[in-house]
Amino acid sequence: MALIISLSILGILLIIAEIVLIPGIFIAGTLGLVSMAGACWLAFDDFGATAGYITIAANALTAIVCTVLSLRSKTWKKLSLHTEIDSRTDSTPESKGIGTGMEGVTITRLAPMGKVLFGDTAVECSARNGIIDPGRKVEVILIDDNKIFVKPK
């Protein structure tokens with residue numbers, strides 16, 4: 001009798017883990033169903049039809065109750081992250097003080113993209129034509145859709 005109860009509890013726990021913790025893996029849910037089916041089969045085999053039907057009903061009722069309880073919104077609120085992200089991405093080159101005609105020095109090789117230092121600000125730029133080696137002076141020739149294009153000076 002203890003094995004039947006243990007298999008039923010293990011099956012319920014595995015199915016809840018499949019729903020709440022590791023959705024989409026399918027292994028835990030399958031093992032849970034196999035465990036519950038094994039409990040029912042043992043009940044039929046060891047104790048007869050009445051005990052088997054009682055085990056099926058108990059497993060089904062317990063599975064439904066546990067599934068409903070695990071899908072309640074309070075359960076998800078306990079499992080969810082409540083941190084707000086208030087950081088921002090780099091907005092526009094103009095907000096950094098970079099404009100057409102400014103001069104800078106390449107930090108990395110622009111092939112065609114790399115880092116350029118404008119004063120104290122390092123930004124990613126694209127070489128308009130060809131490859132520009134590090135340490136060369138460049139000039140901003142175009143800012144298009146927040147992308148900075150430079151040419152060698």
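**Note on the predicted model**

1. Of the 153 residues of the protein chain, 27% count as buried. The structure is a predicted model, and the points below should be read on that basis.

2. Overall dimensions. The radius of gyration of the protein chain is 32 Å, whereas a compact globule of 153 residues would have a value near 15 Å. Taken along the principal axes, the C-alpha atoms fill a box of roughly 90 × 30 × 20 Å. The accessible surface comes to about 10300 Å², and carbon and sulfur atoms contribute 63% of that area.

3. Secondary structure. The protein chain contains four helices and five strands. Their order along the sequence is α-α-α-α-β-β-β-β-β. Among contacts in the protein chain with a separation of 6 or more, 43% join residues 24 or more positions apart.

4. Helix H1. This helix covers residues 2-21, 20 residues in total, and spans 27 Å from its first C-alpha to its last, close to the 28 Å expected at 1.5 Å a residue. Its buried residues are Ile4, Ser8, Gly11, Ile12, Ile15, Ala17, Glu18 and Val20. These buried residues pack against three helices, namely H2 (27-47), H3 (49-70) and H4 (73-79).

5. The largest nonpolar core. Thirteen residues would be the count to verify in the viewer: the largest nonpolar core has 13 residues, and those with the most contacts inside it are Leu110, Phe118, Cys125, Val140, Ile148 and Val150. At least two residues of this core come from each of strands S2 (113-118), S3 (121-127), S4 and S5 (147-152).

6. Leucine 110. Beyond residues up to four places away in sequence, leucine 110 touches Lys115, Val116, Cys125, Ser126, Ala127, Gly130, Ile131, Ile132 and Val150. Cys125 and Val150, both in that list, are also named among the core residues with the most contacts.

7. Valine 123. This residue lies in strand S3. Valine 123 counts as buried because its relative accessibility is 5%, and the cut-off for buried is under 20%. Leaving aside neighbours within four places in sequence, its contacts are Lys96, Ile98, Gly114, Lys115, Val116, Phe118 and Ile148. Lysine 78 is 45 residues from valine 123 along the chain, and their C-alpha atoms are separated by 41 Å.

8. Threonine 106. Strand S1 (residues 103-106) holds this residue. With a relative accessibility of 4%, threonine 106 is therefore classed as buried. Its side chain reaches the backbone oxygen of aspartate 133 at 2.8 Å.

9. Isoleucine 143. This residue is found in strand S4 (residues 137-144). Not counting residues up to four places away in sequence, isoleucine 143 touches Pro93, Glu94, Ile98, Gly99, Thr100 and Ile148. Proline 93 is 50 residues away in sequence, yet the C-alpha to C-alpha distance between proline 93 and isoleucine 143 is 7.9 Å. Ile98 and Ile148 are in contact with valine 123 and are touched by isoleucine 143 as well.

Terms used
Residues numbered from 1 in each chain as written. Predicted model: local features only at pLDDT ≥ 70, side-chain atom pairs only at ≥ 80, totals over all residues. Heavy atoms only, no water. Expected span 1.5 Å × (residues − 1). Buried < 20%, exposed > 50% of the residue type's maximum accessible area, 1.4 Å probe, protein only. Contact = heavy atoms within 4.5 Å. Polar contact = N/O pair within 3.5 Å; in protein donor to acceptor, adjacent residues only side chain to side chain. Rg over C-alpha atoms; globule rule 2.2 N^0.38 Å. Areas by Shrake-Rupley, 256 points an atom, 1.4 Å probe, with all protein chains shown as cover. Core = buried A, V, L, I, M, F, W, Y, C linked by side-chain atoms within 4.5 Å.
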